[in-house]
Amino acid sequence: MNKNYMVSLIAVIVLFLIAYVGTQQGAGLQLVFGIIVPYLAVSLFVVGFARRVMGWSRSAVPFRITTTCGQQSSMPWIKQAKIDNPSSTLGVIVRMFLEIVCFRSLFRNTRMKLNGGTRLTYQLELFLWIGALAFHYAFFAVVVRHLRFFTEPVPFFVTLTEQVDGFMRMEVLYDAVQAGLPGVYMSGLVLLAAALYLFLRRVFIPQVRTISLAADFFPLFLIMGIALSGIFMRYFAKVDIVAIKALTMGLVTFRPTIPEGVSGLFFAHLFLVSILLAYFPFSKLMHLGGVFLSPTRNMTGNTRQVRHVNPWNYPVKVHTYDEYEDDFREKMIEAGLPVVKMPEEQA
Amino acid sequence: MADELIKPDELLSQIDHRPSGAGWMDTPVDIRKGMYCYASNPKSVETLGLPNARPWNPLEDDWKLPENWQQIVHDGFRERLDKFRSFKVFMDICVRCGACADKCHFFIGTGDPKNMPVLRAELLRSVYRNDFTTAGKILGRLGGARPMTLDVLKEWWYYLFQCTECRRCSVFCPYGIDTAEITIMGREILNLLGLNIDWIATPVANCYRTGNHLGIQPHAFKDMLDFFVDDIEEVTGVRVQPAYMEKGADILFITPSGDVFADPGTYTCMGYMLLFHYLKEKYGLKITWSTYASEGGNFGFFTSHETMKRLNSKMYAEARRLGVKWILGGECGHMWRVISQYMDTMNGPADFLEEPVNPITGTKFENAKSTKMVHIAEFTADLIKHGKLDLDPSRNDNKIITFHDSCNPSRGMGMLDEPRYVIQNVANHFYEMPANTIREQTFCCGSGAGLNAGENMELRMAGGFPRANAVKYVHETFGVNMLACVCAIDRAALPASMGYWVPEVEVTGLHELVANALIMPGEKERETDLRGEPLPGMEE
């Protein structure tokens, strides 16, 4: 088991070092790590993501296999679970919204325990739900904040996100932290903590340890590496933010440039992000796209009310009534069961 | 078999839910007695013209596979990825969060890590990555990929026949990944190699030829119902007259043949017969049985989509031939998954039938508008709601009842409140099991999807443990002595599981309870229920 996360951890460290060392004075690979790799990574991400989603879309949806998680639409006096067993598009939209935005199914999570070796109990277990929500929303906030590096002027929602994200500074850290330190963004810390939690549960919960692959640890370490290098740059190394923005704006306006004064730490950070983007379409991270296409969730449950058409439905060989009666006619007549053809007609 | 079945406390003591040690890919499959079902009889495989019929034995090293079996698996896999978006998406997007791990009754009852839904799926995913993904091809084992070998194939077979396709895991999955779907595809691929189990293959062959899984021929089917006619007369003094293949009847009735064959399903069958007689006498409603379409269940569903369609075709064909208005379906689990989510698509549109209306109450069954098949619990609930049945619930007073939601009517249809409404109107003592074990979170009986054989009894008892444990709770808390259900497999499987885990609790179908309470026109004073047990107050 150790192997799975050790390999992933080492891979991330090596990747970091490659970029860090490669962009030091003398090595001079700034062009590679600052321009070529990011462009390649973004292309791989866009093309790979699109191809994956198109691949899924090409496969047929022959049956409506909705997982009905509540009372069906039945007679008017029976209350339907309109979201968990939707019979309208609106119901499906609400169900998908709750699934994607609130992780509703994960919110149902229970933990089974066999008490005293004889008695099963199931209790609500929300740590995974909380951890997953924290992780995804912190990640989202971090991404939104980083739009600052790719826009000029910076749109209001980015500034707004920053303000909300930095809100805790006033309440908690104002006196405790020396002046001059930039405001602490919660998202970065939450992201790191949540990723750490998701990692630790893979190591310490035996069931989850058993199912974890290297492919489960690698993205976690990668994201931890990205968060750590980002946090280090912002609060400790105090990198040249003006130079960095010149570089990122160059990338996004297709006038790439490598300004003076961009540190190796930044190139390493950027390289890990590039790896994440390039790796994304080929990994489980594609659940981002896949969750929208999950046939058990994104279809209505009124399968007896509205017919679903299977594009590849084909005729099959069946045992017809006539064949059946031919097999059993005498016995049927003897038992007084109705038959279509009488025996004498057969000849 | 039964005589050497391990004791409940031994079974419990061998469960360890904390897998440890070697990685699962390094743990070779051990096909253990009591946990697997016998291989399919080649004759049954041949009846449907399915490939690679031959005698083989799971315990032997040589499974007598066709020479190019790896190619067959690979091609079969690819074909299904293209035909089923569900399969493709579910192969790609699992993040192995583990939310499903302890939701499976087989994992809870065995502690075998490969019974965690996520690992059951990984058995296929590992091969998928190796055969069909770039990352898997480059990274190999490190990327969670492994080539298809004979050991892997055996592992597939062993664990895909330790899944009852109950879909409980899919309720908890944040992406709705449905292990049933993965098991269905895996079993289809195994069937390409002739690797079915006999408890599925032979019922399928029977059903194809005789119209029902048990292979009951038409005259014998009528004999069995005639036998019930006598029994019913003895209990109620009323002689019912079931109609067979009556052209121009209002409704065709189809129920699993298990109800005709074995206790306690037989009492449910008598229940249907009493209800239909009542409706005929009081309201002139003509409901007919058919020996050609004498199977509600569909073990083809556990073989392949194509086999499911071949068996299911009889329902619409018979309804069309007899010229009925619509179809009424009996109490069964997977039958209703097939009817609800597959039948109309496969064998419809049923434009030769009418949109179902209950002629007695005038209720339009809007929810069955296209499929034109109504569940008998919906039908009876509607009759009761409109006060069309004379009922004496006190005749069920010695039954303290709880209700087991069957997997498929709950998670593949959502029929949850109709049967509860019926029970509460035909009986006075009803208690629910704990919330995490009923409705959409219900536990499987442990024997669904064709696993209701005798030789895998240990597996069935282990899989039935979570359900039985919840029954035990209401038995101890409320004195529950009767487990009601709407599924023929349940009625066959739960008595064994109750006998093993909670011997004080018996199993009943919904319409047995209905018939006990139903006051028939012209009946004598009843002294016993349909089972011949004295009614409350009638004990010596």
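Two strands count as paired if DSSP finds at least two bridges between them. I wrote that down before opening the sheet of chain B. The model is a predicted one.

**Entry: the sheet in chain B**

I looked up the strand order first. Chain B has an open sheet of 5 strands in the order 1-3-2-4-5, with parallel pairing. Strand 1 (243-244) and strand 5 (373-375) of chain B are at the edges; each has a single partner strand, so one side of each has no neighbour in the sheet.

Next I checked the pairs. Strand 1 of chain B pairs with strand 3 (residues 287-289) of chain B over 2 bridges, in the parallel sense. Which residue of strand 3 is the bridge partner of Tyr244(B)? I found Trp289(B) there.

Strand 2 of chain B is also joined to strand 3 of chain B by 2 bridges, and the two run parallel. Here Leu252(B) has Thr288(B) as its bridge partner in strand 3. To strand 4 (residues 326-329) of chain B, strand 2 of chain B is joined by 4 bridges, again running parallel. In that strand, Leu328(B) is the bridge partner of Phe253(B).

Are the faces of strand 2 of chain B covered or uncovered? I noted that both faces of strand 2 (residues 251-254) are covered. Ile251(B) and Phe253(B) are buried on one side, and Leu252(B) and Ile254(B) are buried on the other.

**Entry: helix 15 of chain B**

I compared the length of this helix with what its residue count predicts.

I counted burial next: 15 of the 18 residues of helix 15 of chain B are buried, and the helix is mostly covered. After the helix comes Gly323(B), with a positive phi near 70 degrees.

**Entry: where the chains meet**

**Entry: helix 14 of chain A**

I repeated the length check on helix 14 of chain A. A straight helix of 15 residues would span 21 Å at 1.5 Å a residue, but helix 14 of chain A spans only 18 Å between its end C-alpha atoms. I then looked for a bend and found a kink of about 75 degrees, centred on Phe328(A).

Phe328(A) is also one of the buried residues of this helix, with Tyr321(A), Tyr324(A) and Met332(A). What covers these buried residues includes helix 12 (218-236) and helix 15 of chain B. The residue after helix 14 of chain A is Gly336(A), whose phi is positive, near 80 degrees.

**Entry: two residues of chain A**

I picked His308(A), in the loop between helix 13 (287-290) and helix 14 (321-335) of chain A. Leaving out residues up to four places away in sequence, His308(A) touches Phe63(A), Arg64(A), Thr303(A) and Thr345(B).

Phe199(A) lies in helix 8 (residues 186-204) of chain A. With 20 other C-beta atoms within 10 Å, Phe199(A) is buried.

Phe199(A) and Val7(A) are 192 residues apart in sequence and 14 Å apart in space, C-alpha to C-alpha. His308(A) and Pro259(A) are 49 residues apart in sequence and 58 Å apart in space, C-alpha to C-alpha.

**Entry: domains**

Chain A is divided into domain 1 (2-314) and domain 2 (318-347). Their C-alpha centres lie 65 Å apart.

For chain B, the assignment gives domain 1 (2-30 + 51-195) and domain 2 (204-517). The centres of these two domains of chain B are separated by 31 Å, taken over C-alpha atoms. I found 22 residues of domain 1 of chain B in contact with 26 residues of domain 2 of chain B. Helix 5 of chain B gives the most to that side of domain 1, with 5 residues. By class, the side has 11 nonpolar, 6 polar and 5 charged residues.

Note on methods
Residues numbered from 1 in each chain as written. Chains lettered and ligands numbered in written order. Predicted model: local features only at pLDDT ≥ 70, side-chain atom pairs only at ≥ 80, totals over all residues. Domains from an automatic or database assignment. Contact = placed C-beta atoms within 7 Å. Nonpolar A, V, L, I, M, F, W, Y, C, P; charged D, E, K, R; others polar. Buried ≥ 20, exposed ≤ 12 C-beta atoms within 10 Å, placed from the backbone. Expected span 1.5 Å × (residues − 1). Bend = angle between axes of the 7 residues up to and from the residue.
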